[in-house]
Amino acid sequence: MKNNFQHHFCSFDQSLDDFFFSKLIPQNAFVVVPTEYHKRVLIRKFMKQWELTNTRFATMEALKDMLFSSSLPLLKEEKRSLVFYKSLTEQDKRFFNINSYFQSIELGHHFFDLWQEFAEEEIDPELDPQQFLFYDCELLDWQLDLYSRLRAIKLQYKSLITQLGFQDAIFTHTQENLDFFAVGPAERFYVVNQFYFTRLEKTILTRLLSKAEVHIISQIPASFMNPDSLTVERFDIEKISEYRYRNVNVYEGQNAFAMMMSVLSTLENNSELRTVVDLDPTGNTCQPLISGSIFQKSHAMPFRYSSLYKTFYQLYQLLDAIHIHAQNKVALLDLSALLDAISCQEFIAAFDINTQQATEALRDLIYTLFDHECHAIDLEAQGLKYFGCADHKGVPLLKSILQTLNSVVSFESLSDWTHFISHSDFSPLKVSLEHEHHCSDFMDTFYRMLIDFESLESLGIVTDWTEIFGPAHSPWTLGKNLLKLFLDYMKAKTIQLSLEETAQPSARRTLLLDTRNIDYDSVVLINVLEGKLPHAKQTLFLFTERQRHYLGLKTYEDIRLREKYYFFRLVLTSDTVFIFTQNDIESNIQTSSFVEELKWIVPFKAVQVREPSYVEIMNSFFRHCDYRAPFRVKESFFALSFSPEDLGESLDLTIYSLSDLADNPFVYYIRHVGGVDEPSFRTYSVLSKRLLGNFAHDFMNAIWTHWMAQEQQRLDIETLSSNDYLYQILNRLLDHPKYLYLLPEGHVRVYFDHILVPLLIDGARNLFSYLKELELDQRLLRFIPEQEHSTRQERQYKTLLPSAENPLQKNVRFRMRADLRIEDLDGSDVYIFDYKTGKHLPQKDQLVLYSWFYYINKADDRFDRINSYFVSLFEKEIVEMRKGSKDPQTLFQDIKETLLDILFSLLGQGYALPPQKSKAEKMGDITRNDLKRKTLVV
């Protein structure tokens, strides 16, 4: 169908703006452009001409907003999403498997995008499945069901917003609502180089013909466009003959770092390069490291980067880390989340305390709890007393944080939030950074946002938040969800910074879509990669590509053609172009196919960018260091010198500290002399080996303690092995309040109860059976489980090497703790048992030292009367020390000789790293700050 549009075609070797002004008759003109940036450029150029005429400029989207005005306020952003969720029926929620408001947000986006597209393309919602079948793009049953459901939701949504007194663009943007009053007396409309027109936009322009002239200005060869349908039917690169370029330079790097180094070098050597077009702005990891003297920094900062957002985000993370214990109904906070929160300086500063000392004290408290395998704490901090931490210096800050959490979980409305922000001891507004307060509109943006957020209630959009978030399953659910909604509200906002411009020339970084209609003398394009340009295909919602083509919706080919035009228009209208890309087959990174097509009209040869010298880069950071000379580090550099003062009056060891001293003296010094150990970061939902080992020892100790409480001197194997007895002990142990903070819930707890506990019960029975094989049930016995039941004398250090017999000239002493000792009351035999919960049993040196510590150090005792065993509880394996190749006496002498060798090495080499790599990597997660922390919490 023909129309009376007046078409003007501008070639690629002309300036689009100059061409437009040559066609413009400014009196009562209305100019429509695709972007806000181009609108501002045209206005500046137009004002220089001093044309005192009634000429107006607007984007196409702004024009549509003028023509489809509504007497009711339009719903947007979160307000739109909330009302959409309220319009869903219970059947809708079951159909889409939606259990909460936040799960509906993605569906809401698809819903509004679909109906917005239908409105833009003027598609009749009454779809005929037979027509799809005729065009070989049959609608499947699930598509019909889904579409039918979306149509029903659309009616529900319209009914609800009408009831609330609002309107939505998906209902207003129709031909019936067109009102040209807003464009006033315009006599000529100029549409400047819009590549794609929706059916609604074509309808608008067609109806404008009855009121004014419509000029379509296109920078494309006339043969490529159908002037009647306003569509580009082809874009044949090889047929373009008129273009402006003088030279195209293409640089290929193997990775992003090599590419960016080449970009920076090019900008440094070409001061006339002022525009950098980034095809992958979100994936450019090097961007934050580039100086403002090279790339002009944006004056708009996303609100999510502000100190206030970081503070509230950490608060939400803490709320999200709270769970209600199923049996005890106690709210527990995961300590790993608390550790993350106190690492955020903005969050801690909101409590208005001595930040560094209080934070380090709380961090030390958390690590102390981790050492006890406690990985959660209740919101009243009552559990601290079970781990001896009730008076720790980190408690005041911990209670301040828990008090804040208790306040937030009680929120029921948005007004509670505003009151909390203004009157709480938790004051995030006080800690905003200086440039936020004094060099931006941070405070204005925040309070406008807060008022708008609170209007959700005052406008009647939400009167009862349980309608949105459902009945609270726990006391903290509603407050947490309100905070998450508030965070989502903040994400879309930006802060305008008023920073001083850099004195040096800067390159402006922009996006491909923002270059539409802009003329450049020279331009740099980076990240020109396949999958970024053109974009990779995305998973489609509801309709396939073929079905979208039949309906008249934009397809991937439409989008690809548009991106192709934007790219080639930018290249062909610039004098000089630098294209930076990557090519790495192994990483599936390839140069954009558009660059390959460019060769049809612009011959060029891609320059391979070499991998940069990282030594040179480091040298640029440390200009005073000479890295040209080879630098070798002596092994002694990593050794800490030995000082007798470190030991005090004697060298006191345990089984585990001896192992560290033998394997890695450097680690021994850090851990046992310095008192610093690697922090544990296990979350509450994980069952660690250490926790399992501690529980197994507690269980076995509880069995013997209960047996001894009955004043039993004989073993009753049948009673000890019975389910009633063992599970009675087990349940009594688990009833202790400390296990509320130790044992996780969920599937891990199910695994613990149904897999590990039965294995532990069987391991205990296996030990009792072994005792029966030893005929211990026939004797009168004394039971000594663990250290708590040993004598004071037995708990003291014993000297293994006197000062006169070792090079340190200090007594070398040991202290041991056997898990179980059984002694004949007649003094004939002794039995020592050590429980193990791992798969591999340790060396027998441990049992030899147990024998020496408890008995051999006495002059009248002998190895031959001592029987010692390793008991693997979960593997049901028991290993006797005597079954080795050496007798205990020989093993004991070997231990003493090995210990002497270690001491000589310590005296000569200091606390050195071992040569074996596996041993040298021990305690790899220790940091300098961990070493410093001990001095901060004293």
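Which residues of H30 are buried? I began with this question, keeping in mind that this is a predicted model, in which local features need pLDDT of at least 70, side-chain atom pairs count only at pLDDT 80 or more, and totals for chains, interfaces and linings use all residues. Residues are numbered from 1 along each chain as its sequence is written, and side-chain values use heavy atoms, with hydrogens and water left out.

**Entry on H30.** I found Tyr725, Leu726, Ile729, Leu730 and Leu733 to be the buried residues of H30, where buried means under 20% relative accessible area with a 1.4 Å probe and protein chains only. Seen down the axis of H30, these residues fall within an arc of 130°, so they line one face of the helix; the arc is that of the directions from the helix axis to the C-beta atoms. I noted that an α-helix has 3.6 residues a turn, so residues three or four places apart point the same way. Among what covers the buried residues of H30, I listed helices H28 (689–709), H29 (717–720), H31 (739–742) and H32 (747–773), helices being DSSP runs of H or I with at least four residues, numbered from the N terminus.

**Entry on H12 and H16.** I looked up helix H12 (residues 307–320) and helix H16 (residues 395–408), which pack at an angle of about 80° with their axes 11 Å apart. They are therefore roughly perpendicular to each other, a term for angles of 65 to 115 degrees. Leu315, Leu318 and Leu319 of H12 make the contact with Ile401, Thr404, Leu405 and Val408 of H16, contact meaning heavy atoms within 4.5 Å.

Terms used
Axes are lines fitted to C-alpha atoms, for helices over the stretch in contact, and angles run from 0 to 180 degrees between N-to-C directions. Helices (H or I, at least four residues) and strands (E, at least two) are DSSP runs, numbered from the N terminus. Angles under 35 degrees count as roughly parallel, over 145 as roughly antiparallel, 65 to 115 as roughly perpendicular and the rest as oblique. Buried means under 20% relative accessible area, exposed over 50%, partly exposed in between (1.4 Å probe, protein chains only).
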